[in-house]
Amino acid sequence: MTLSFSDTYRLNNGIEMPKHGFGVYKLTDEKRMRTALETAAEVGYRLFDTASFYHNEKQLGDFFQSSGLNRNDFFVTTKMWNNEQGYDETLRAFEQSQKKLQLDQVDLYLVHWPKQDTFFETWRAVEKLYDEGLVRAIGVSNFEAHHLDRLRKNANVLPVIDQVETHPYFPNHLLHRYLEELHIVHQAWSPLGRGSVLKEPTLINLGQKHGKTPAQIVLRWHLQNDISIIPKSETPARIKENAAIYDFALDDKDMHQLDRLNTGERVSHAPDVMYIRSEV
Ligand SMILES: NC(=O)c1ccc[n+]([C@@H]2O[C@H](COP(=O)([O-])OP(=O)(O)OC[C@H]3O[C@@H](n4cnc5c(N)ncnc54)[C@H](OP(=O)(O)O)[C@@H]3O)[C@@H](O)[C@H]2O)c1
């Protein structure tokens, strides 16, 4: 399988999104974030994933202002938090995000978690932002098949992506097939399981076989499963390492070995449990 760092998906509304991006959750220290973003841009990352909940949209916006990158050269995703859901609340949250990011148009706006009580009001607001051209594409995060079934009954616009927890311990294979049928891109959050999977002997052995690190093996496995990735690191050497996954390929046997690591263990909440806690 020939893959390259500049590969993009053509989303179901026709726009292009880089397959391999950079996540910035927990990057709040200004200096460390700046160094990480500079390294990421230099290495060639062009998709940056943030959220109002990460409290770093302003820093990301400041970086774009001074980076020398042309607006068409980077793709920004952000999301409204759970206490910002609802029709008016979402419109207000977007205005704040847009201001902090200092962008006329945000590339992709996501519903961070499926919150049942304001489910359609939030999506109506997101659709309005899309209709008005303030966002180039709209999508969801942490939606399981039953949430998407519910959304599709009343939505005018189908989400372009679903960003969900996905790593070798929690590969989300069934949801992947469902998303494929709907032409919704599967994007993995915590693609490295927040580092929890990296000591697995299978990954160490496959790393030795290919002359790669466990993290590189995992990220390559995602791409070969046709899953978009947004690994986070604030360590320049790792940011480079996570990008250097285009000079080798896993064979079918390697892929099956990785598939067998599935334990069903998540690093975070199940979406419907998160909903119960979503007053936060
Ligand atoms: N939609 C959602 O609900 C949701 C939830 C969680 C995350 N996300 C998004 O997904 C992105 C990625 O997820 P994540 O940050 O939770 O987890 P992750 O990318 O799976 O893992 C990040 C952790 O792995 C370490 N790491 C990164 N590269 C490594 C390497 N090559 N070798 C060893 N360790 C490495 C990082 O350490 P250092 O930083 O210290 O290098 C950090 O501790 C987030 O930044 C965010 O944008 C979305």
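**View 1. The largest cavity has a volume of about 50 Å³.** This is a predicted model: local features need pLDDT of at least 70, side-chain atom pairs count only at pLDDT 80 or more, and totals for chains, interfaces and linings use all residues. Residues are numbered from 1 along each chain as its sequence is written, and side-chain values use heavy atoms, with hydrogens and water left out. A cavity is a set of points, on a 1 Å grid over the protein atoms alone, where a 1.4 Å probe fits but cannot get out. Lining residues have an atom within 4 Å of a point. Grid points are joined across faces, edges and corners, and a volume is the space filled by probe spheres set on the points. Leu3, Ser4, Asp7, Tyr9 and Lys19 are among the lining residues of the largest cavity.

View 2. Two cavities of 30 Å³ or more turn up in a search of the whole structure. Val111, Phe119, Thr122, Trp123, Phe143 and Leu151 line the second largest cavity. Helix 4 (residues 119–131) gives the largest share of this lining, three residues. Helices (H or I, at least four residues) and strands (E, at least two) are DSSP runs, numbered from the N terminus. The lining divides into five nonpolar, one polar and no charged residues.

**View 3. The largest pocket contains about 800 Å³ of space.** Its lining counts 36 residues, and the closest to its centre are Tyr25, Lys26, Ser190, Arg194 and Lys232. A pocket is an open set of points with protein on both sides within 12 Å along at least five of seven lines. The largest share of the lining, three residues, comes from helix 9 (residues 236–243). By class, the lining has 15 nonpolar, 13 polar and eight charged residues.

**View 4. The second largest pocket has a volume of about 240 Å³.** It is lined by 14 residues, and Arg71, Asn72, Phe74, Asp107 and Arg136 are the closest to its centre. Seven of the lining residues are charged, four nonpolar and three polar.

**View 5. Strand 8 (residues 161–165) is mostly covered.** Strand 8 pairs with strand 7 (residues 135–141) in the parallel sense over two bridges. Two strands pair if DSSP finds at least two bridges between them. Val140 has Asp162 in strand 8 as its bridge partner. From strand 7 the chain crosses through helix 5 (residues 145–154) to strand 8, in a right-handed β-α-β crossover. Right-handed means that, with the strands pointing away from the viewer, the path from the first strand over the helix to the second runs clockwise.

**View 6. Strand 8 and strand 9 (residues 185–189) pair in the parallel sense over five bridges.** Glu165 stands opposite Trp189 in strand 9. Strand 8, helix 6 (residues 173–182) and strand 9 form a right-handed β-α-β unit.

**View 7. Thr166 sits in the loop between strand 8 and helix 6.** Thr166 is buried, with a relative accessible area of 0%. Its side chain makes a polar contact with the side chain of His186 (2.8 Å). A polar contact is a pair of N or O atoms within 3.5 Å; within protein, one must be able to donate a hydrogen and the other to accept it, and residues adjacent in sequence count only if both atoms are side-chain atoms.

Terms used: Nonpolar A, V, L, I, M, F, W, Y, C, P; charged D, E, K, R; others polar. Buried < 20%, exposed > 50% of the residue type's maximum accessible area, 1.4 Å probe, protein only.
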